[in-house]
Amino acid sequence: CLSPDNFCLRNILGAGDAYNAAFLDLIMQKGFDFLEANRYGAAASLAVAEEKQIFLESRNEIEKNLDRIIIEEIGGV
């Protein structure tokens, strides 16, 4: 379950593209870590969704949101 803290949606355009690009970027930079790649992608999507622009200018915009993305294991499987 992914859940950002204090989320304020302003824009949905480009959020999916940012997610995919960041997911692959993390894998290319640090190797395959499924959970961390999803967390990084979610942070990128969050950065785009909370701003009026539809692109990210640097990785700093992603990294400042990483602490807001919490991954929790859900039981019952």
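Predicted model: local features only at pLDDT ≥ 70, side-chain atom pairs only at ≥ 80, totals over all residues.
Author: Residues are numbered from 1 along each chain as its sequence is written, and side-chain values use heavy atoms, with hydrogens and water left out.

Reader: OK, rings next. How many aromatic pairs are in the whole structure?

Author: A search finds three. Rings of Phe, Tyr and Trp (its six-membered ring) pair if their centres lie within 6.5 Å. Planes under 30 degrees apart are stacked, over 60 edge-to-face, and the rest tilted.

Reader: What kind of pair do Y19 and F23 form?

Author: A stacked one. The centres are 6.4 Å apart, with 20° between the planes.

Reader: Where do Y19 and F23 lie?

Author: Both are in helix α1, residues 15–30. They sit four residues apart, about one turn of the helix. Helices here are DSSP runs (H or I, at least four residues), numbered from the N terminus.

Reader: Is F23 buried or exposed?

Author: F23 is buried, because its relative accessible area is 16%. Y19 has 21%, so Y19 is partly exposed.

Reader: And what about F23 with F34?

Author: Their ring centres are 6.5 Å apart and the planes are at 80°, so that pair is edge-to-face. It links distant parts of the chain: F23 is in helix α1, F34 in helix α2, eleven residues apart.

Reader: Which residues make up the ring cluster?

Author: Ring pairs link Y19, F23, F32 and F34.

Reader: New topic. At what angle do α1 and α2 pack?

Author: About 145°, with the axes 7 Å apart. Axes are lines fitted to C-alpha atoms, for helices over the stretch in contact, and angles run from 0 to 180 degrees between N-to-C directions.

Reader: What sort of residues are in that contact?

Author: By class, 13 nonpolar, three polar and two charged. Ala, Val, Leu, Ile, Met, Phe, Trp, Tyr, Cys and Pro count as nonpolar; Asp, Glu, Lys and Arg as charged; the others, Gly among them, as polar.

Reader: S45 is in α2. What does S45 touch?

Author: A15, A18 and Y19, not counting residues up to four places away in sequence. Contact means heavy atoms within 4.5 Å. S45 has 18% relative accessibility, so S45 counts as buried.

Definitions and conventions
Helix = DSSP H or I, 4+ residues; strand = E, 2+ residues; numbered from the N terminus. Buried < 20%, exposed > 50% of the residue type's maximum accessible area, 1.4 Å probe, protein only.
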